[in-house]
Amino acid sequence: IKHPCTLDKRGEFGYNINRVADAQMKNGIAVSRENLAPGDIIGFSSGGIGGYVSHVGMYVGDGMMIHAPHSGDVVKYTTIDSGYYSTRFAGARRIIY
């Protein structure tokens with residue numbers, strides 16, 4: 001079963017999303033860390049909340065996300081509560097609501 005919430009930049013499922021991570025934090029509606037749901041986009045910044053978002057992941061539930069850490073790497077299943085990502089959480093967006 002395909003979930004309709006994807007990071008497909010082409011809008012094949014009827015949802016358009018910006019290409020650049022920081023711009024993706026303007027899509028959809030804001031979601032607090034406490035109210036994350038599977039499919040939400042999570043932004044990370046070296047400056048924390050309110051900083052320029054240079055990396056995004058997709059929340060999959062239970063404090064976990066999927067993301068590609070850097071170009072050329074594979075998609076990883078990672079906790080958002082690790083030291084690195086926990087301190088760089090900049091916000092989250094819900095595309096389908």
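These are my notebook entries on a predicted model of a protein of 97 residues.

**Entry 1: ground rules**

I worked from a predicted model, in which local features need pLDDT of at least 70 and side-chain atom pairs count only at pLDDT 80 or more, while totals for chains, interfaces and linings use all residues. Residues are numbered from 1 along each chain as its sequence is written, and side-chain values use heavy atoms, with hydrogens and water left out.

**Entry 2: overall make-up**

I looked up the secondary structure and found two helices and six strands. Helices (H or I, at least four residues) and strands (E, at least two) are DSSP runs, numbered from the N terminus. I read the order of elements from the N terminus as α-β-β-β-β-β-α-β.

I then checked burial: 40% of the 97 residues count as buried. Buried stands for under 20% relative accessible area, exposed for over 50%, and partly exposed for what lies in between (1.4 Å probe, protein chains only). For contacts, meaning heavy atoms within 4.5 Å, I took those with a separation of 6 or more; residues 24 or more positions apart account for 47% of them.

**Entry 3: the sheet**

I traced an open sheet of six strands in the order S1-S6-S2-S3-S4-S5, with antiparallel pairing. Two strands pair if DSSP finds at least two bridges between them. S1 and S5 (76–79) are at the edges with a single partner strand each, so one side of each has no neighbour in the sheet. The twist averages 40 degrees from one strand to the next; the axes behind such angles are lines fitted to C-alpha atoms (for helices over the stretch in contact), and angles run from 0 to 180 degrees between N-to-C directions.

I noted these pairings:

- S1 (residues 29–31) is antiparallel to S6 over three bridges, and Ile29 has Arg94 in S6 as its bridge partner.
- S2 (residues 41–44) is antiparallel to S6 over four bridges, with Ile42 opposite Ala92.
- S2 is also antiparallel to S3, over four bridges, and Ile41 stands opposite Met58 in S3.

I also checked how enclosed S6 (residues 89–94) is. Five of its six residues are buried, so the rest of the structure largely encloses this strand.

**Entry 4: the cores**

I listed the largest nonpolar core, which has ten residues: Val31, Leu36, Ile42, Phe44, Tyr59, Met65, Ile80, Tyr85, Phe89 and Ala92. S2 and S6 are the elements that give two or more residues to this core. Apart from it I found another core, of eight residues, including Ile17, Ala21, Ile41 and Val53. A nonpolar core here is a set of buried Ala, Val, Leu, Ile, Met, Phe, Trp, Tyr and Cys residues joined through side-chain atoms within 4.5 Å.

I followed the contacts of Ile80, leaving aside neighbours within four places in sequence. Among them are Arg33, Leu36, Ile42, Phe44, Tyr59, Gly63 and Met65.

**Entry 5: aromatic pairs**

I counted three aromatic pairs. Rings of Phe, Tyr and Trp (its six-membered ring) pair if their centres lie within 6.5 Å; planes under 30 degrees apart count as stacked, over 60 as edge-to-face and the rest as tilted.

Phe44 and Tyr85 are edge-to-face, at 5.0 Å centre to centre and 70 degrees between the planes. Phe44 is in strand S2 and Tyr85 in helix H2 (residues 83–86), so this pair ties together parts 41 residues apart in sequence. Both Phe44 and Tyr85 are buried.

Phe44 and Phe89 have ring centres 6.5 Å apart and planes at 80 degrees, so this pair is edge-to-face. Phe89 lies in strand S6 and Phe44 in S2, so the pair ties together parts 45 residues apart in sequence. I read relative accessibility of 3% for Phe44 and 9% for Phe89. Ring pairs link Phe44, Tyr84, Tyr85 and Phe89 into a cluster.

**Entry 6: two loop residues**

I looked up Ser45, in the loop between S2 and S3 (55–61). Ser45 is buried at 2% relative accessible area. Its side chain reaches the backbone oxygen of Tyr52 at 3.0 Å. Not counting residues up to four places away in sequence, Ser45 touches Gly51, Tyr52, Val53, Arg88 and Ala90.

I then turned to Asp62, in the loop between S3 and S4 (64–67). Asp62 counts as exposed, at 79% relative accessibility. Its phi is near 55 degrees, a positive value in a residue other than glycine. Most residues other than glycine have a negative phi.

Technical notes:
A polar contact is a pair of N or O atoms within 3.5 Å; within protein, one must be able to donate a hydrogen and the other to accept it, and residues adjacent in sequence count only if both atoms are side-chain atoms.
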